[in-house]
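Q: Could you walk me through reading a few features of a model, one at a time? I would like the general idea and then the case at hand.

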Amino acid sequence: MTQSAHDGQPASNPEALREQIERTRAELGETVQALAAKTDVKARAQEKATEVKEQAAAKAEALKEQAAAKAGELKAKAVELTHQAQDKLPDRVKDKAAGQARAQASRAGQLWEDKVPESVRDKTSQGARTVRDNRNLRLAGAGVAAVVVVWLAWRRHKA
């Protein structure tokens with residue numbers, strides 16, 4: 001007689017036999033699908049590639065965060081070293097640098113006098129007087145001066 005694949009008992013009637021056959025077919029179908037999936041090299045390669053890609057993206061993000069943290073540390077160290085170097089500079093070097101800065105400012109002022117129209121110089125002078133008279137506007141004056149210096153450098157570069 002025929003034995004059941006599940007319980008080792010023979011099927012007692014035709015209906016039970018049909019049910020056993022259907023269960024066996026379903027299990028066999030699942031087994032065939034699992035084997036087919038294992039033998040589908042292209043699909044398995046794509047799954048592995050996706051997995052590796054996700055791992056690489058996660059690793060890249062972690063490395064990016066580490067690099068950003070390290071860059072912050074290096075920037076802080078650079079600022080610290082810059083301050084230390086400035087503290088250790090002899091006064092004569094600092095004085096020379098200040099003199100050079102004054103000379104550059106003087107040259108910029110002369111260039112201003114030579115290149116800027118009279119009306120602009122008058123307005124600038126008036127603004128400078130206002131800034132001198134009003135301490136709260138000194139910062140604004142510094143901003144204007146910076147804009148003028150940038151504008152002059154741009155014009156000089158353009159010419």
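Q: How many residues apart are Arg25 and Glu22 in helix 1?
A: Side chains of opposite charge can pair when their charged atoms come close. Here Arg25 and Glu22 sit 3 residues apart in helix 1, so about one helical turn separates them. Their side chains meet in a salt bridge, with 3.2 Å from N to O. The term salt bridge asks for a side-chain nitrogen of Lys or Arg within 4 Å of a carboxyl oxygen of Asp or Glu. Helices (H or I, at least four residues) and strands (E, at least two) are DSSP runs, numbered from the N terminus.

Q: Before we go on, what kind of model is this?
A: It is a predicted model, in which local features need pLDDT of at least 70 and side-chain atom pairs count only at pLDDT 80 or more, while totals for chains, interfaces and linings use all residues. Residues are numbered from 1 along each chain as its sequence is written, and side-chain values use heavy atoms, with hydrogens and water left out.

Q: How many salt bridges does the structure hold?
A: There are 4. Another of them joins Arg18 to Glu15, whose closest N and O atoms are 3.6 Å apart. These two are 3 residues apart in helix 1 (residues 14-39), about one helical turn, and Glu15 is partly exposed at 46% relative accessibility. Glu73 also forms a salt bridge with Lys70, at 3.9 Å between the closest N and O atoms. Both lie in helix 2 (residues 41-88), 3 residues apart, about one turn of the helix. Lys70 counts as partly exposed, with 47% relative accessibility.

Q: What is the secondary structure of the protein chain?
A: The chain has 5 helices and 0 strands, giving the pattern α-α-α-α-α along the sequence. Of its 159 residues, 6% are buried.

Q: Which residues line the second largest pocket?
A: Rolling a probe the size of a water molecule over the atoms shows where empty space is left. A pocket, on a 1 Å grid over the protein atoms alone, is an open set of points where a 1.4 Å probe fits, with protein on both sides within 12 Å along at least five of seven lines; lining residues have an atom within 4 Å of a point. In this case the lining consists of Gln104, Arg107, Ala108, Leu111, Val149, Leu152, Ala153 and Arg156. Helix 3 (91-115) and helix 5 (138-158) are the elements that each give two or more residues to that lining.

Technical notes:
Buried < 20%, exposed > 50% of the residue type's maximum accessible area, 1.4 Å probe, protein only.
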